Amino acid sequence: MDDINRIKVVLVEKKRTNKWLASELGKDPATVSKWCTNSSQPDLATLVRIAEKLEVDVKDLLRSTKL
């Protein structure tokens with residue numbers, strides 16, 4: 001599966017952990033781990049909340065489709 005989101009990369013850039021994000025969103029850490037490994041994807045509303053928590057534009061959480 002292609003990497004669709006960049007959540008893991010942005011977490012590293014912001015010096016945050018999966019556990020921190022799970023706590024901020026009220027989600028199970030295993031769910032956040034799946035997002036970070038791209039084995040599953042958050043819904044759009046959750047993606048917006050993630051962007052807010054990480055103080056980035058939601059576009060920064062998505063892999064560019066441009067080559």
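**Exercise 1.** List the residues through which helix 2 and helix 3 meet, then sort them by type.

*Solution.* Start on the helix 2 side, with Asn18, Leu21, Ala22 and Leu25. Their partners in helix 3 are Pro29, Val32, Ser33, Trp35 and Cys36. Contact means heavy atoms within 4.5 Å, and helices are DSSP runs (H or I, at least four residues) numbered from the N terminus. Sorted by type, the residues of this contact are seven nonpolar, two polar and no charged. Here Ala, Val, Leu, Ile, Met, Phe, Trp, Tyr, Cys and Pro count as nonpolar, Asp, Glu, Lys and Arg as charged, and the others, Gly among them, as polar.

A note before going on: this is a predicted model, in which local features need pLDDT of at least 70 and side-chain atom pairs count only at pLDDT 80 or more, while totals for chains, interfaces and linings use all residues. Residues are numbered from 1 along each chain as its sequence is written, and side-chain values use heavy atoms, leaving out hydrogens and water.

**Exercise 2.** Describe how helix 2 and helix 3 are placed relative to each other.

*Solution.* First locate the two helices: helix 2 covers residues 18–25 and helix 3 covers residues 29–36. Next, take the angle, which is about 120 degrees, and the separation of the axes, which is 8 Å. Helix 2 and helix 3 are therefore oblique to each other: under 35 degrees counts as roughly parallel, over 145 as roughly antiparallel, 65 to 115 as roughly perpendicular and the rest as oblique. Finally, the crossing of helix 2 and helix 3 is right-handed.

**Exercise 3.** Which residues of helix 2 are buried, and what covers them?

*Solution.* Trp20, Leu21, Ala22 and Leu25 are the buried ones in helix 2, where buried means under 20% relative accessible area, exposed over 50% and partly exposed in between (1.4 Å probe, protein chains only). Their cover includes helix 1, helix 3 and helix 4. Just past the end of helix 2, Gly26 has a positive phi of about 70 degrees.

**Exercise 4.** Name the residues that touch the most other members of the largest nonpolar core.

*Solution.* This core has 16 residues, and Ile7, Leu21, Ile50, Leu54 and Leu61 touch the most other members. Helix 1 (7–13), helix 2, helix 3 and helix 4 (44–54) each supply at least two residues of the core. Take Leu54 as a close-up: leaving aside neighbours within four places in sequence, Leu54 is in contact with Val10, Leu11, Lys14, Arg16, Trp20 and Leu61.

**Exercise 5.** Are Asn38 and Glu55 buried or exposed, and what are their phi values?

*Solution.* Most residues other than glycine have a negative phi. Asn38, in the loop between helix 3 and helix 4, has a positive phi of about 60 degrees and is buried, at 5% relative accessibility. Glu55 sits in the segment after helix 4. Its phi is also positive, near 55 degrees, but Glu55 is exposed, with a relative accessible area of 68%.

Methods. Axes fitted to C-alpha atoms, helices over the stretch in contact; angles between N-to-C directions. Left-handed = near helix turned anticlockwise from the far one by under 90°. Core = buried A, V, L, I, M, F, W, Y, C linked by side-chain atoms within 4.5 Å.
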